[in-house]
Amino acid sequence: MAKAELTAVVAPKCQRVADRMGFELVEVALDREPTGKYLRIYIDKPEGITLDDCEVYHKAVQPLVENYDYDFMEVSSPGIDRPLKTDRDFERNLGAEVEVRLFRPLDGTRELQGILTGYDREQMTISAGGEEKTIPRKAAALVKPLVDMTGVEDVDLGDGAEEE
């Protein structure tokens, strides 16, 4: 499957199914791996995607894309720390703490963390250490939410394992 076919034919079919089911289509990708070609579809919704959501979506979209050249299809959540790519992603994360990795150093650093306080198509504004930094979006190799894992080690996973 060529990238043009993925963009022009497969992604719109995936989008229609996502819209009908109330999901956000985050990304459709075709990845080559040693074991074959993987059609990977990432979906989301405000309260988060469940395994059942992925299964229902997979069953709905699979007949629509089965004639295209791939070996395996995966449907999953993009994860809570998915990179911010679209204006919709930036809007959703306004006021949240983000991590920014730059292609080249800015003010002597290639990485910074702070609160996303603004954005437009060309740039984003990060509040860090009491100052605001405006960063061109194209200068960022990666922008993603900073996930607070405080207290996660205290969660009982119910697996019967004893702590050491």
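These notebook entries record what I looked up in a predicted model.

**Helix α1**

I began with helix α1, which covers residues 3-21 and has 19 residues. From first C-alpha to last I find a reach of 25 Å, close to the 27 Å expected at 1.5 Å a residue. I then looked for a bend and found a kink of about 35° at valine 10, shortly before proline 12. Valine 10 is also one of the buried residues of α1, together with Leu6, Cys14, Val17 and Ala18. I noted that residues three or four places apart point the same way, because an α-helix has 3.6 residues a turn. I next asked what covers the buried residues of α1; the cover includes β1 (24-33), β2 (36-44) and α2. After α1 comes glycine 22, and its phi is positive, near 80°.

**Aspartate 53**

I turned to helix α2 (residues 51-65), in which aspartate 53 lies. I class aspartate 53 as buried because its relative accessibility is 12%, and the cut-off for buried is under 20%. Neighbours within four places in sequence aside, I find aspartate 53 in contact with Phe23, Ile43, Lys45 and Gly48.

**Asparagine 93**

I located asparagine 93 in the loop that runs between α3 (87-92) and β4 (97-106). Its relative accessibility is 11%, so I count asparagine 93 as buried too. With neighbours within four places in sequence left out, the contacts of asparagine 93 are Leu84, Leu116 and Pro145.

Technical notes:
Residues are numbered from 1 along each chain as its sequence is written. This is a predicted model: local features need pLDDT of at least 70, side-chain atom pairs count only at pLDDT 80 or more; totals for chains, interfaces and linings use all residues. Side-chain values use heavy atoms; hydrogens and water are left out. Helices (H or I, at least four residues) and strands (E, at least two) are DSSP runs, numbered from the N terminus. Buried means under 20% relative accessible area, exposed over 50%, partly exposed in between (1.4 Å probe, protein chains only). Contact means heavy atoms within 4.5 Å. The expected span of a helix is 1.5 Å times one less than its number of residues. The bend at a residue is the angle between axes fitted to the seven residues ending there and the seven starting there.
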